[in-house]
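Thanks for coming, everyone. Please have a look at the next slide before I start.

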Amino acid sequence: MEEKLSIIIPVYNDEKYLKRCLDSIINLDYQNLEIILVDDGSTDDSLAIMTDYAAQDERVKAISQQNLGVSVARNTGLAQATGDYIMFVDADDYVLSPLKIVLNDEQTADLNVFGFESGEEQKVVRAKYYDADESIHAKTMMMENPTQYLTAWGKIFKHDLIKKCNLRFNTNLRVAEDGNFMLQYLMKCETIKFSLPVGYHYSKDTESVMTTFDRKSEDYLTALEESERNLEGCPAEIQKAFNTYVMMHFNIIMVHETFASANPVKYSLKIKQLKQLLNKPIFKEALSGIKLSECHGLRMLPVILLKMHAYRLSSILFIVRAKQNEKQVED
């Protein structure tokens with residue numbers, strides 16, 4: 001990749017991790033890039049760290065704005081970016097040295113996806129290039145596995161495509177804003193390349209929206225309904241994959257909200273909440289649109305049980321997964 005790469009990093013009270021993040025990028029020794037730091041109203045020393053790095057390296061740009069959220073910060077970065085390609089990095093994460101292999105690869109696509117590690121677990125992708133005729137297979141696979149493939153990080157985007165289609169992060173969404181942006185980009189891109197190198201470290205050092213309980217069910221509904229509108233008129237394969245995408249988010253709500261230990265309501269009421277949410281049109285239609293014969297792997301087991309109306313059995317899976325997540329945060 002000889003073209004210029006713009007790396008956009010939203011920053012909010014990340015003084016503890018920011019140097020680690022920036023050093024990992026600078027140590028790649030890849031010269032043809034710009035690092036755009038957007039401070040989102042931090043109250044710690046994040047802005048001072050940004051300013052210091054910008055003074056030492058002309059490739060680093062430090063931008064400050066009032067606290068408006070990660071989506072606004074990323075959009076600010078996009079407005080300032082001058083690179084041919086775009087990459088998003090979270091300030092509490094960092095890149096790994098194999099990323100240089102991806103950056104030096106002469107074969108690029110509209111979307112370049114590479115492996116990442118989460119804690120000590122590596123998420124390796126199978127190396128493959130999808131041209132315009134077969135990219136729909138990659139798109140459906142990514143939609144059906146949103147937690148692995150529909151994050152904004154771990155990807156390299158073509159800037160011209162973002163500008164041509166006027167793509168931005170939806171600033172009205174509180175959750176699933178990555179997925180919403182990714183779905184829009186997938187519908188516009190033609191070629192997709194998966195690269196083997198593990199080039200990104202997703203940090204579990206800090207609490208995220210995904211690991212905190214504060215009743216976000218309605219926020220997920222809003223995000224999913226917005227994504228559904230964006231997919232109107234899409235091919236049948238995409239609509240079918242979206243059913244799985246929706247149900248994977250239902251699982252997320254159950255694990256992080258309804259059956260989280262921090263949810264103080266009684267178990268019987270949690271089952272009632274499950275049924276009420278499942279009766280919402282977007283979840284009801286998605287569950288109905290998935291055939292039992294299409295459910296493969298452990299991640300689809302809750303969907304199987306829900307289709308069989310085995311609500312209490314499915315709740316056991318959600319409770320176990322919730323406890324596993326909570327233990328990971330504690331560790």
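I will go through an aromatic cluster, a serine beside it in the talk, and then a helix pair.

This is a predicted model: local features need pLDDT of at least 70, side-chain atom pairs count only at pLDDT 80 or more, and totals for chains, interfaces and linings use all residues. Residues are numbered from 1 along each chain as its sequence is written, and side-chain values use heavy atoms, without hydrogens and water.

Aromatics, then. The structure holds 15 aromatic pairs (ring centres within 6.5 Å, using the six-membered ring for Trp). Take Phe 88 and Phe 169. Their centres are 5.2 Å apart and their planes at 90°, so this pair is edge-to-face, a label for planes over 60 degrees apart. Phe 88 is in strand β4 (residues 85-88), Phe 169 in the loop between α7 and α8, 81 residues apart. Strands here are DSSP E runs of at least two residues, helices H or I runs of at least four.

Phe 88 is buried at 0% relative accessibility; buried means under 20%, with a 1.4 Å probe and protein chains only. Phe 169 is buried too, at 2%. Phe 88 also pairs edge-to-face with Phe 181, centres 6.1 Å apart, planes at 85°. Phe 181 lies in helix α8 and is buried at 0%. Phe 88, Phe 157, Phe 169, Phe 181 and Tyr 185 form one aromatic cluster.

Now Ser 71, in helix α3 (residues 70-80). Ser 71 is buried, at 6%. Beyond four places in sequence, Ser 71 contacts (heavy atoms within 4.5 Å) Phe 169, Asn 170, Thr 171 and Glu 177.

Last, helices α8 and α9. They pack at about 5°, axes 10 Å apart. They are therefore roughly parallel (under 35 degrees).

Definitions and conventions:
Axes are lines fitted to C-alpha atoms, for helices over the stretch in contact, and angles run from 0 to 180 degrees between N-to-C directions. Angles under 35 degrees count as roughly parallel, over 145 as roughly antiparallel, 65 to 115 as roughly perpendicular and the rest as oblique. Buried means under 20% relative accessible area, exposed over 50%, partly exposed in between (1.4 Å probe, protein chains only). Rings of Phe, Tyr and Trp (its six-membered ring) pair if their centres lie within 6.5 Å; planes under 30 degrees apart count as stacked, over 60 as edge-to-face and the rest as tilted.
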